[in-house]
Amino acid sequence: MLIIMDARANQEQIQAVCERICEMGFKAHVIPGADRVAIGITGNKGAIDKEPFLSMSGVIDAVRITKPYKLVSREVKPSDTIVVVKNARGAEVKIGGDELHIMAGPCSVESEAQINEIAHLLKAAGVKILRGGAFKPRTSPYAFQGLKRKGLELLKSAAEQTGLLVVTEVKDAESLPAVAEHSDILQIGARNMQNFSLLEAVARYDKPVLLKRGLAATIEEFLMAAEYIVSNGNPNVMLCERGIRTFETYTRNTLDLSCVPVVQHLSHLPIIVDPSHGVGLWEHVAPMSKAAVACGANGLMIEVHPNPAEALSDGPQSLKPKKFIALLRDLKPIAEAVGKRLNVNALNETKSLELCA
Ligand code: PEP
Ligand code: MN
């Protein structure tokens, strides 16, 4: 159930509705909108009688939410959610509006030299968010598992030198406090999309979450996972389409770009596309990045490595710096064609190329 408040409703009236909801044993979620406040009710097993709310002052309507996910649905909040990512050093980006953002960097942080080189390249290119795995979820227990805490420190140091924001994966509850200390966005990997206790745990942090779609998750399951985070108190969720398992074996996954408009129809949350894990082959990352921007994605996550042949993870899908810079240049007019801005200076090619010589 969603209680719609009058545009002129005051704080006391909003508070009174919230208290009424709590007295009934349910949870109230205040959802500020462009023109008015709405209050979502969760925790009820069956239908709620709307009459008692309709007689309260400041309330104009009470509507049933038909979808199983409530707080993340467009029914509850028609306007797009803008997620603000910021750090204590004053860096800030807004994701979900008309600006497109790129999160880029290596699959894994491998060394100080590697992450610093990429961070300086991104900085020169005007990219604002550095990615890099420190705690890696690997299919094989014998594969490189990440530099762990050391990796987090290297990421933070690279970000401090360049003014970039950081996104890195939270693999489990044990590493969550350390990740939250070093990262500006908490990434939930595809393999953990339905790790419900981890979703509840990240919801307790005052940091935006990047939730990746599970390898075999339907869009409804994806949105239900986001609902876990939002209903537990963290509204700053960004979804990330990163490819799903299909019968196709040529590509690593099948990048489901139809997920972008479908999610935008069903939910107000921003959606990012990760074409690197989506296709698994660097040759196809650029075309799928362009397609993702064309179909309305709010941002991209792209793996970039100075020397993919030597990468400790996901080398085959990593772009070399030069190719990445060329891609940024190509994305700019595509973003503009769909009413978005891409504020990068891919265009300062000489400087960028020097940095990755
Ligand atoms: C990653 O981004 O490093 C990663 C492991 O991605 P995914 O969870 O989508 O496989
Ligand atoms: Mn990877």
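This briefing covers a metal site, a ligand site and a few individual residues. The model is predicted. A manganese ion (ligand 2) is held by C107, H277, E303 and D314. Ligand 1 has ten residues around it in the list below, and H277 is one of them.

**Manganese site**

- Along the chain, the donors follow the spacing C-x169-H-x25-E-x10-D.
- C107 sits in the loop between β7 (101-105) and α3 (112-125), while E303 belongs to strand β14 (residues 299-303). The pair therefore ties together parts that lie 196 residues apart in sequence.
- C107 is buried, because its relative accessibility is 3%, under the 20% cut-off.
- E303 is buried too, with a relative accessible area of 0%.

- Is D314 buried or exposed? At 17% relative accessibility, D314 counts as buried.
- Its phi is near 55°, a positive value in a residue other than glycine.
- Most residues other than glycine have a negative phi.

**Ligand 1 site**

- A polar side-chain atom of R131 lies 2.7 Å from an oxygen atom of ligand 1.
- For K212, a polar side-chain atom is 2.9 Å from a ligand 1 oxygen.
- For K136, a side-chain N or O atom is 3.0 Å from an oxygen of ligand 1.
- How much of ligand 1 does the protein bury? Taken alone, the ligand exposes 290 Å², and the protein buries 97% of that.

- K148 is found in the loop between β8 (129-131) and α4.
- Phi of K148 is near 55°, a positive value in a residue other than glycine.
- K148 is partly exposed, with a relative accessible area of 39%. This value falls between the 20% and 50% cut-offs, so K148 is neither buried nor exposed.
- T162 is in helix α4 (residues 149-162).
- T162 is buried, at a relative accessible area of 3%.
- Which residues does T162 touch, not counting those up to four places away in sequence? They are A119, H120 and K123.

**Strand β4**

- A62 is placed in strand β4 (residues 59-63).
- The relative accessible area of A62 is 2%, so A62 is buried.
- A62 and I4 are 58 residues apart in sequence. In space, the two are 5.9 Å apart, C-alpha to C-alpha.
- Leaving aside neighbours within four places in sequence, A62 is in contact with M1, L2, I3, K50 and L54.

How values were computed
Residues are numbered from 1 along each chain as its sequence is written. Chains are lettered from A and ligands numbered from 1 in the order in which they are written. This is a predicted model: local features need pLDDT of at least 70, side-chain atom pairs count only at pLDDT 80 or more; totals for chains, interfaces and linings use all residues. Side-chain values use heavy atoms; hydrogens and water are left out. Donors are N, O and S atoms within 2.8 Å of the metal (3.2 Å for Na, K and Ca); water is not among the atoms, so sites may look incomplete. Helices (H or I, at least four residues) and strands (E, at least two) are DSSP runs, numbered from the N terminus. Buried means under 20% relative accessible area, exposed over 50%, partly exposed in between (1.4 Å probe, protein chains only). A residue is near a molecule or strand if one of its heavy atoms lies within 4 Å of it. A polar contact is a pair of N or O atoms within 3.5 Å; within protein, one must be able to donate a hydrogen and the other to accept it, and residues adjacent in sequence count only if both atoms are side-chain atoms. Accessible areas come from the Shrake-Rupley method with a 1.4 Å probe; for residues, only the protein chains shown count as cover. Contact means heavy atoms within 4.5 Å.
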